[in-house]
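Have the model open beside you as you read.

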Amino acid sequence: MLSSFTPASAYVVKASAQTDYRLAGTTSRRQRGRAGVGWIAFVEARSRRGDLRDRIRNAPNRSAGPERACLREGENLDTAGHNIFGQNGHICAFFNSIDEQHRVLRPFITDGFDQGDKAYHYVDPELRDEHLRWLAEAGINVEEVIASGQLEVRPWQDSTLRGGRFDLDTWLASFEQVLQSGPAAGYAQTSFMGHMEWALTDLPGVGDLIEYETRVNYVIPKYDGPVICTYDLTKFGASVVMDALRTHPAVIIGGLLQENPFFVPPDQLLPEIRERRSAHESASTA
C-alpha cells in the first residue's frame, strides 16, 4: 500500500514557514530557491528506488475510488494513451521548458479530443497564442473546437486570477463547475490543464497555491478526466516543488508518468499548511 511509504519529509527538508513562490531578488537567492534539473533528478532517483518500485506498481491510486486501475510505474506518455491519465486524476507535471511540455503532453491533448472530451486549459496570457499554435500543430482544428465549445483556453485573468487576485474558495467552486461542464454538454469528460506560474505573480492570494492544490483532491475524485498542473522548474523554488509533489497522487518527471510516493492526503496535509501559515503570520507581527 502507498500508505506504508516513508514520508517525503524523511527524504527532503520540509518547506519553511514562509514559502517563497517567486524567484525575484538577488542572484544568490534565486540560486538557493531554484529547483532545477539536479534537484528533480534526486526526486526521480528516490521514486525509483528498488524498495519503492513494487509498491508504486501495485498500489492503488489514493485520489480515486477502488474501481480505478493501477498506474504502471514509469509509464511513457507516448504509449500510455489517454486512459492512463484518467486513472490517476490529479497530476503534477514538471518541465524545464515550454518545448519539453509541449512534446510530452501532446498525446494527452490529441487523445483527449479523439476520446470526445471537453478540454479546458488555463495558460500564461503571454503564451496563449503559442499554446493555440501548438494545438493546431498537433492536428487540432482550433477554430472549430473553440466555436463548438469543446475547447476553452483561458488566460489567468479569466480563470485563477479573475478580479486581479486569487480567491481560493471562489476558484474552487469555478474549478468544479469546469469539471462538470464537459459531461453536462454531452462530452465524455473534461480534460483539464493549467500553467501554475500564475502563483508567481505579485497579486493577492497567490500564496494559497498549495492549499488549493491540496483541497482540489476532495473535488477531482468525483469526476472522470485528468487534471494536469504544469510547473516550470526554471521558475519555481525547490520548496514549492516539494509541496507540489506532496499534493498530487501522480507525477510526470522526465517524460514519465508515475504514481507519486511523496503524496500526502489532504486531511493530513491541510493542518500542516495552516500551521505553517499561522507561524508565518505570527512571525510577521512579532
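A residue counts as buried under 20% relative accessible area, as exposed over 50% and as partly exposed in between, using a 1.4 Å probe and protein chains only. Helices (H or I, at least four residues) and strands (E, at least two) are DSSP runs, numbered from the N terminus. This is a predicted model, in which local features need pLDDT of at least 70 and side-chain atom pairs count only at pLDDT 80 or more, while totals for chains, interfaces and linings use all residues. Residues are numbered from 1 along each chain as its sequence is written, and side-chain values use heavy atoms, with hydrogens and water left out.

**The strand β3**

Strand β3 spans residues 118–123, and six of its six residues are buried. In a regular strand the side chains alternate between the two faces of the sheet. Here K118, Y120 and Y122 point one way, while A119, H121 and V123 point the other way.

Which strands pair with β3? Two strands pair if DSSP finds at least two bridges between them. With β5 (residues 190–195), β3 pairs in the parallel sense over five bridges, and M193 is the bridge partner of H121 there. Strand β4 (residues 151–155) also runs parallel to β3, joined by five bridges; in β4, P155 is the bridge partner of V123.

Leaving aside residues up to four places away in sequence, Q150 has contacts (heavy atoms within 4.5 Å) with F113, G116, D117, K118, A119, V145 and Y187.

**Aromatic pairs**

Rings of Phe, Tyr and Trp (its six-membered ring) pair if their centres lie within 6.5 Å; planes under 30 degrees apart count as stacked, over 60 as edge-to-face and the rest as tilted.

| Pair | Centre to centre | Angle between planes | Class |
|---|---|---|---|
| Y122 and F192 | 5.5 Å | 80° | edge-to-face |
| F166 and Y212 | 5.7 Å | 70° | edge-to-face |

Y122 in strand β3 and F192 in strand β5 are 70 residues apart, so their pair links distant parts of the chain. Both Y122 and F192 are buried.

F166 lies in the loop between β4 and α9 (168–184) and Y212 in helix α10 (residues 209–215), so this pair ties together parts 46 residues apart in sequence. F166 is buried at 1% relative accessibility, and Y212 is buried with a relative accessible area of 1%.

One aromatic cluster is formed by Y120, Y122, F166, W171, F175, F192, W198 and Y212.
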